[in-house]
Amino acid sequence: MHYRIFLLLLAAGPLLGCGKQPYDDGLTKHQVTGVVTVNGQPLDHVIVRFQSTDSTVTGNAAQPVGFTDSAGKYAMSTSGDKDGAVAGEYVLMFLRNDPNSDSGNDIFRNRFTNPAQSKHKVTVPDHDLEVPPIDLDIPPQWLTTPPRKGIED
């Protein structure tokens, strides 16, 4: 499972603070924003990943990424910081690394990282989109007890 987290962070890496000039990838993107809460409360540093359901979509366009702020708000990035997402259908995945660990363990115990099991879907139209608020329900102790390596509680 750490492999998935590693791949997600690797994919998100180029989106974090690269250069000051926007990269023109030739894609038509639309601003996509939203709010994620956990047990009804905003949580920062949640990684919001869209996975395209269209297997012909490749590269960054297939997996835009966003990060929540302290209010739970995010904006999706495809090839540049908050540059949006390409129109299409996506399943949504969420994870948050344990802030007290270098292991990269997901405090959500990978509950929301499998695209085949995601309950959250969105269609990005040919214009900007405000995604309806999403609340992730987890056992409250997951927010205070670090995940144990390889064990889902």
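**Reading loops and strands**

Biologist: Lys82 lies in the loop between strand S6 (73–75) and strand S7 (85–86). What are helices and strands here?

Modeller: They are DSSP runs numbered from the N terminus: helices are H or I with at least four residues, strands E with at least two. This is a predicted model, where local features need pLDDT of at least 70 and side-chain atom pairs count only at pLDDT 80 or more, while totals for chains, interfaces and linings use all residues. Residues are numbered from 1 along each chain as its sequence is written, and side-chain values use heavy atoms, leaving out hydrogens and water.

Biologist: Is Arg109 buried or exposed?

Modeller: Buried means under 20% relative accessible area, exposed over 50%, partly exposed in between (1.4 Å probe, protein chains only). Arg109 has 2%, so it is buried; Lys82 has 48%, so it is partly exposed.

Biologist: Which strand does S2 pair with over three bridges in the antiparallel sense?

Modeller: Two strands pair if DSSP finds at least two bridges between them. S2 (residues 32–38) has five of its seven residues buried, and its antiparallel partner over three bridges is S6. There, Thr33 stands opposite Ala75. S2 also pairs over three bridges in the parallel sense with strand S11 (residues 134–136), where Val36 has Ile134 as its bridge partner.
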